[in-house]
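This briefing covers a structure at the level of chains, helix packing and selected residues. Please have the sequence and the coordinates at hand while reading.

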Amino acid sequence: MSEESGEDEPTSPSFEERLRAARSRQGLDAPPPLTGRDTGDVGGMSPWGIGLRVGIEMVSALVVAVAIGWGLGYLFGGKPIFIAVFVLLGGAAGILNVWRLFAPRPTRDRKVQDGGR
Amino acid sequence: MAAGGSIDALSQFKLEPVLGLDFTQSNVMMVVAGVLTFGLLWLGMRPRAMVPGRLQSAAEMAYETVLGMCTETIGPEGRAFFPFVFTLFFFILFGNLLGVFPFFFTYTSHIAVTLALTVFVVGLVTVVAIRIHGWHFFSYFVPQGVPGALLPLLVPIEVLSYLSRLISLSVRLFANMMAGHVMLEVFGAFVVMLGAAGVIFWIPAGFSLAVNVALIGFELLVATLQAYVFAILTCIYLHDAVHLH
């Protein structure tokens with residue numbers, strides 16, 4: 001009787017909590033990686049990792065844009081207007097990529113709705 | 001290595017034909033990686049024990065990790081893409097890990113290889129999206145809640161952002177692997193050059209050796225992490241393709 005009431009009602013939530021705390025302290029549960037995983041893992045990255053990631057995202061958009069602009073210019077008789085326009089678009093796309101990396105997301109569900117982008 | 005007193009850090013990435021055939025050491029390592037992956041699964045699962053042994057545990061963990069990655073990131077539809085992601089993950093993982101061994105070649109340190117993988121991934125993602133959503137796929141490039149006047153500006157930006165995956169995914173893997181191996185080579189050359197320069201330089205030589213030991217450990221981490229990142233990003237792109245907005 002006293003055991004039941006003592007274990008079930010007041011102490012069992014705190015026991016659960018203590019167990020969870022102990023498990024996470026020992027690294028048996030791993031909730032933090034799950035949150036970082038969906039967004040393309042910016043969460044648990046070192047500053048170096050974030051810097052590299054951001055740099056790659058920005059430069060890659062620019063590289064694609066310059067390639068397309070150069071190719072279009074080459075196709076249409078060497079006009080420089082294409083590369084000029086596409087460099088600007090590529091820079092914007094790079095910023096967009098970085099924004100997607102760090103964009104604040106209200107809830108998990110909304111993130112999934114957005115396509116996790 | 002340290003030829004003629006200068007550090008030649010890039011010749012390690014040169015492709016050489018094996019046995020005079022039109023088959024480079026890079027291709028050999030790809031075959032080795034494939035055989036090892038197949039061997040891990042085949043030999044590991046042969047006992048079919050209820051309580052798995054070490055190799056069977058490894059095989060089961062490999063399977064479950066990638067399956068979890070697929071179903072958690074893509075959703076229930078992710079099971080359909082499991083074979084693809086599994087193959088991709090283990091091809092890259094074994095390529096990265098084998099590269100850490102001396103005299104072995106890291107095929108993932110060539111942009112030709114990583115770009116080919118990425119083109120395949122982005123191509124597959126696009127085909128899946130078009131197959132599932134038809135023409136609706138192109139609404140992916142139209143951001144929601146944007147005035148129509150801005151669309152001529154924003155749609156090209158979205159398309160470029162989509163295409164930039166090709167570069168970002170391939171360059172991330174290639175750059176990480178190449179940078180790591182260049183660092184190993186540079187510090188390895190320090191050991192040889194300082195060691196040959198005289199007794200007084202043996203202390204910095206020993207320091208370089210210690211750095212190299214640490215770098216090998218770091219390379220193991222990077223090798224696994226980059227394979228994981230490549231696979232998880234593939235899953236995220238597939239999720240976008242399956243669920244679209």
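How many helices and how many strands are there in chain A? Chain A has 5 helices and 0 strands. The model is predicted.

**Chain A**

- Along the sequence, the pattern of chain A reads α-α-α-α-α.
- Chain A has 117 residues, and 26% of them count as buried.
- Taking contacts in chain A between residues at least 6 apart in sequence, 52% join residues at least 24 apart.

**Chain B**

- Chain B contains 6 helices and 2 strands, and its pattern along the sequence is β-β-α-α-α-α-α-α.
- Along the principal axes, the C-alpha atoms of chain B fill a box of roughly 75 × 55 × 40 Å.
- Of the 245 residues in chain B, 43% are buried.
- For contacts in chain B with a separation of 6 or more, residues 24 or more positions apart account for 70%.
- Chain B exposes about 12,700 Å², and carbon and sulfur atoms supply 76% of this area.

**Helix 1 and helix 2 of chain B**

- Helix 1 (residues 25–45) of chain B and helix 2 (residues 54–74) of chain B have axes that come within 8 Å and cross at roughly 125°.
- Helix 1 of chain B is therefore oblique to helix 2 of chain B.
- The crossing of helix 1 of chain B with helix 2 of chain B is left-handed.
- On the side of helix 1 of chain B, the residues that meet helix 2 of chain B are B:Leu40, B:Leu41, B:Leu43, B:Gly44 and B:Met45. Their partners in helix 2 of chain B are B:Leu55, B:Gln56, B:Ala58, B:Ala59 and B:Glu60.
- By class, this contact of helix 1 with helix 2 of chain B comprises 7 nonpolar, 2 polar and 1 charged residues.

**Helix 4 and helix 6 of chain B**

- Helix 4 (residues 111–133) of chain B packs with helix 6 (residues 202–243) of chain B at an angle of about 20°, and their axes are 8 Å apart.
- Helix 4 of chain B is therefore roughly parallel to helix 6 of chain B.
- These two helices, helix 4 and helix 6 of chain B, cross in a right-handed sense.
- Helix 4 of chain B contributes to the contact with residues including B:Leu117, B:Thr118, B:Val121 and B:Val125. Helix 6 of chain B contributes residues including B:Phe230, B:Thr234, B:Tyr237 and B:Leu238.
- The contact between helix 4 and helix 6 of chain B has 12 nonpolar and 4 polar residues, and no charged residues.

**Two buried residues of chain B**

- B:Thr234, in helix 6 of chain B, has a relative accessible area of 0% and so is buried.
- Leaving out residues up to four places away in sequence, B:Thr234 touches B:Phe84, B:Leu88 and B:Val121.
- B:Thr234 and B:Phe13 are 221 residues apart along the chain, and their C-alpha atoms are separated by 26 Å.
- B:Arg165 belongs to helix 5 (residues 151–197) of chain B. With a relative accessible area of 9%, B:Arg165 is buried.
- Again leaving out residues up to four places away in sequence, B:Arg165 touches B:Thr118, B:Val122, B:Val125, B:Tyr140, B:Ser170, B:Tyr237 and B:Asp240.

Technical notes. Residues numbered from 1 in each chain as written. Chains lettered and ligands numbered in written order. Predicted model: local features only at pLDDT ≥ 70, side-chain atom pairs only at ≥ 80, totals over all residues. Heavy atoms only, no water. Axes fitted to C-alpha atoms, helices over the stretch in contact; angles between N-to-C directions. Helix = DSSP H or I, 4+ residues; strand = E, 2+ residues; numbered from the N terminus. Parallel < 35°, antiparallel > 145°, perpendicular 65-115°, else oblique. Left-handed = near helix turned anticlockwise from the far one by under 90°. Contact = heavy atoms within 4.5 Å. Nonpolar A, V, L, I, M, F, W, Y, C, P; charged D, E, K, R; others polar. Buried < 20%, exposed > 50% of the residue type's maximum accessible area, 1.4 Å probe, protein only. Areas by Shrake-Rupley, 256 points an atom, 1.4 Å probe, with all protein chains shown as cover.
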